[in-house]
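This briefing covers one protein chain for a reader with a modelling background.

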Amino acid sequence: MVRLDDVDLKILLALIRDPRIQVSELADEAGVARNTAQSRLRRLQRSEVLREGGRDIDLGVLGYDVLAFVTLEVNHRELDAVITALRQIPNVLEIHETSGRGDVWVRLIATDTHQLQSVLRQILRIKGVTRSETTFALHSHLAYRTAPLLEHYAEHDH
C-alpha cells in the first residue's frame, strides 16, 4: 500500500478537479517547486497510484480494495434527500437512479469489510432507504474506459 503525504494529496485533488492542469499550476496548487511537482507525478505513476495516462487514480493501490455495488430501494418521496445524503459519504464513488429492481445504484469502496459494513449501516440510517442489497466485486476485468468507443466513433459515426 502506498502512503500519501499532503503534497501528494494536493496534486491528486488538483488532477481530479482539472485533468488538463499544467505541471506549473500543479506546483502552485501544492505549494512546491515545479521540479518537485514533476518528480511527485512520476513517483505517483511508478507506484501505480496514477494509472496509465497519468490522470486516473487507482484507489486499490492506496488500500481501498473492497469494491461493492449496492442497490437501494427508497421511498420515492424521499429520493432527493437520499441522494443528497449519499453524496455526503466519502466512500460513495457513484450514484445512479435506476429502473427495474431497486431505485438507486451505488458504487462504494472501502479498505476492508469492517469499513464497508460501517458505510452500509450509515446508508441504512438514511431516512427514506427501505432496503439494500450489496454485491461485492471479486475482480475487475475491465476498468471504466472511453477510448474504444471514441475510436469507433471516429472511424464510423461521423
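By class, 21 nonpolar, 6 polar and 10 charged residues make up the lining of the largest pocket. The model is a predicted one, and the space in this pocket comes to about 1,600 Å³. Of its 37 lining residues, Arg51, Ile57, Asp58, Leu59 and Arg107 are the closest to the pocket centre.

**Sources of the pocket lining**

- Four elements each supply at least two residues of the lining of the largest pocket: α1 (6–17), β1 (66–74), β2 (92–97) and β3 (104–110).
- Helix α1 gives the largest share of that lining, with 4 residues.
- Domain 1 (6–59) and domain 2 (64–137) each contribute at least three residues to the lining of the largest pocket.

**Chain layout**

- The chain is divided into two parts, domain 1 covering 6–59 and domain 2 covering 64–137.
- Taken over C-alpha atoms, the centres of domain 1 and domain 2 are separated by 30 Å.
- The C-alpha trace of the chain spans about 50 × 45 × 30 Å along its principal axes.
- In secondary structure, the chain has 6 helices and 4 strands.
- Read from the N terminus on, the order of these elements is α-α-α-β-α-β-β-α-β-α.

**Packing of α1 with α3**

- The axes of α1 and α3 cross at roughly 85° and come within 11 Å.
- An angle from 65 to 115 degrees counts as roughly perpendicular, and α1 and α3 are therefore roughly perpendicular to each other.
- On the α1 side, the contact is made by Val7, Asp8, Ile11, Leu12 and Leu15.
- On the α3 side, Ala37, Arg40, Leu41, Arg43 and Leu44 make the contact with α1.
- The residues of the contact of α1 with α3 divide by class into 7 nonpolar and 3 charged, with no polar residue.

**Packing of α2 with α3**

- Helix α2 (residues 23–30) packs against helix α3 (residues 34–46) at an angle of about 100°, and their axes are 8 Å apart.
- This angle makes α2 roughly perpendicular to α3.
- From α2, the residues in the contact are Val23, Ser24, Leu26 and Ala27.
- From α3, the residues that meet α2 are Arg34, Ala37, Gln38 and Leu41.
- By class, the contact of α2 with α3 has 5 nonpolar, 2 polar and 1 charged residues.

**Residues of α3 in the two contacts**

- Ala37 and Leu41 of α3 take part in the contact with α1, and Ala37 and Leu41 also meet residues of α2.
- Arg40, Arg43 and Leu44 of α3 are listed for the contact with α1, while Arg34 and Gln38 of α3 are listed for the contact with α2.

Terms used:
Residues are numbered from 1 along each chain as its sequence is written. This is a predicted model: local features need pLDDT of at least 70, side-chain atom pairs count only at pLDDT 80 or more; totals for chains, interfaces and linings use all residues. Side-chain values use heavy atoms; hydrogens and water are left out. Axes are lines fitted to C-alpha atoms, for helices over the stretch in contact, and angles run from 0 to 180 degrees between N-to-C directions. Angles under 35 degrees count as roughly parallel, over 145 as roughly antiparallel, 65 to 115 as roughly perpendicular and the rest as oblique. Contact means heavy atoms within 4.5 Å. Ala, Val, Leu, Ile, Met, Phe, Trp, Tyr, Cys and Pro count as nonpolar, Asp, Glu, Lys and Arg as charged, and the others, Gly among them, as polar. On a 1 Å grid over the protein atoms alone, a cavity is a set of points where a 1.4 Å probe fits but cannot get out, and a pocket is an open set with protein on both sides within 12 Å along at least five of seven lines; lining residues have an atom within 4 Å of a point. Grid points are joined across faces, edges and corners, and a volume is the space filled by probe spheres set on the points. Domain bounds come from an automatic or database domain assignment.
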